[in-house]
Amino acid sequence: MRLVQASDMHLDSPFATLDDELGRRRRKGQMETFQRLIDLVRTEQADALLLPGDLFERRSTRLGTVRWALDLIGSLAPVPVLIAPGNHDPLERSGFWNLTRPDNVVVFGGTWQRHEVADAAIWGRGFLEEHEPADPLADFPSGERPDVLIFHGDVDKTPSDSDYAPFSRSHLAELKAIWAAVGHIHRPMPIGELGAYAGSLEPLGFDEPGVHGALLVEVDLKAREQRWRLVPLARCRYETVSVDLTARTDQQALESFNDQTRQWVRETTLLRVELVGPGAEEGWPVGRWQGEIGSDWVASEVRDLRLPAVDLTDTFTVPGRFARRVMAEMETADEARREALADALRIGLAALEGRRANDY
Ligand SMILES: [Mn+2]
């Protein structure tokens, strides 16, 4: 049996950190990538498409986009499309799932339900509300033997540190399914041999780097084994490079930047450059870096993580006194606390000087 798995599309995502025009382009790109997902199901002649949640964004997905997506999904009929709603498109709170749905669509509710596909028992469960503090595996019906599981949840978490359906690997292993298709985590990630997160279909931010797409999963029901791989589908990728300016000439720093970024296609990459090393008075100013990076990236930004230049003789102004105090504390702090204090210094000085704190 061949399955295609994809999740966390967040269609019509606001892309709040991008400018309006780029945000519009990214939303259009999300829809194009969703179309490529549907094409993949066709060309691979998959037996089912599994969508474990967060197709839509409760606060921003437009009705027209929901209808468009449901129509596309419907065009796959008779191939079944199994959906386990997530915390961003929960079954009862979002309203998305009250719309008329194509006949080939199954939307799972708050209790485990079984759906048969090509002789396989696929069991699914979805979010009803935005928060689900309970372990979703705890109420799996005892005595049942699932072949495939589809749900939205937070692996390696417990109700004390997540209210997004936290569950453990060991509990998942006890259910002895051949494959678990899980949504929620946006970086593509295997859950041991038990299943995987496909990650966000189109990445949404710098904490979701690398290649994104859908999973193609071959399930052998007799041998109770599976093989899977990630099929790249996303239009864009996010990448971060760190340029260490310690003991480097400007030329060496630029070479380091070029070496690290050469592998990425500028027209499809959103790039963040982090400058680390000595104090801000040394090396190139941020403005010059922006020029060197080039404008042909989808988007690029420079974050100066060097310590701001501080006038330590200034004991009269609030910024001066603030900086002296933080820097005095940094002298005796351990590594982790030093980093936190350095952030506090950059953000605090930016705020005190009336700049936006994330412009630091
Ligand atoms: Mn989620």
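Figure 1. With 14 C-beta neighbours inside 10 Å, E292 counts as partly exposed, because a residue is called buried if 20 or more other C-beta atoms lie within 10 Å of its own, exposed if 12 or fewer, and partly exposed in between, the C-beta atoms being placed from the backbone. E292 belongs to helix α5, which spans residues 286–293; helices (H or I, at least four residues) and strands (E, at least two) are DSSP runs numbered from the N terminus. The C-alpha atom of E292 is 8.1 Å from that of L254, although the two residues are 38 residues apart along the chain. The model is a predicted one, in which local features need pLDDT of at least 70 and side-chain atom pairs count only at pLDDT 80 or more, while totals for chains, interfaces and linings use all residues. Residues are numbered from 1 along each chain as its sequence is written.

Figure 2. The chain has seven helices and 17 strands, and its C-alpha atoms fill a box of roughly 75 × 40 × 40 Å, taken along the principal axes. Of the 360 residues, 35% count as buried. The chain is divided into domain 1 (2–232) and domain 2 (237–359), with bounds that come from an automatic or database domain assignment. The centres of the two domains, taken over C-alpha atoms, are separated by 37 Å, and the contact between them takes nine residues from domain 1 and six residues from domain 2. Here two residues are in contact if their C-beta atoms, placed from the backbone, lie within 7 Å.

**Figure 3. The largest nonpolar core around V148.** A nonpolar core is a set of buried Ala, Val, Leu, Ile, Met, Phe, Trp, Tyr and Cys residues joined through C-beta atoms within 7 Å. The largest one holds 70 residues, of which V148 and I150 touch the most other members, and this core draws at least three residues from each of domain 1 and domain 2. Leaving aside residues up to four places away in sequence, V148 touches A120, I122, A177, I178, W179, A181 and V219. A second, separate core has five residues, among them L307, A323, L341 and L345.

**Figure 4. Strand β10 within an open sheet.** The open sheet has six strands in the order β5-β6-β7-β10-β12-β11, with mixed pairing; two strands pair if DSSP finds at least two bridges between them. β5 (113–117) and β11 (189–191) stand at the edges with a single partner strand each, so one side of each is left without a neighbour in the sheet. Neighbouring strands are turned by 20° against each other on average, direction ignored, where axes are lines fitted to C-alpha atoms, for helices over the stretch in contact, and angles run from 0 to 180 degrees between N-to-C directions. Five of the five residues of β10 (residues 179–183) are buried, so this strand is largely enclosed by the rest of the structure. Both of its faces are covered, with W179, A181 and G183 buried on one side and A180 and V182 buried on the other.

Figure 5. Strand β7 (residues 148–152) pairs with β10 in the parallel sense over five bridges, and L149 stands opposite A180. β10 and β12 also pair in the parallel sense, over three bridges, with V182 opposite Y197. By contrast, β11 and β12 (residues 195–197) run antiparallel and are joined by three bridges, and P190 has A196 as its bridge partner in β12.

**Figure 6. Helices α6 and α7.** Helix α6 (residues 318–332) and helix α7 (residues 335–352) pack at an angle of about 175°, with their axes 10 Å apart. That makes α6 roughly antiparallel to α7, since angles under 35 degrees count as roughly parallel, over 145 as roughly antiparallel, 65 to 115 as roughly perpendicular and the rest as oblique. The residues of α6 that meet α7 include V318, F322, A323 and V326, and those of α7 that meet α6 include L341, A344, L345 and L349.

Figure 7. A cis peptide bond with omega of about 10° joins A77 and P78, and P78 is found in the loop between α2 (63–74) and β3 (81–83). D12, in the loop between β1 (2–5) and α1 (20–43), has phi near 65°, a positive value in a residue other than glycine. Q45, in the loop between α1 and β2 (48–51), has phi near 50°, again positive in a residue other than glycine. D12 is partly exposed, with 19 other C-beta atoms within 10 Å, whereas Q45 is exposed, with 8.
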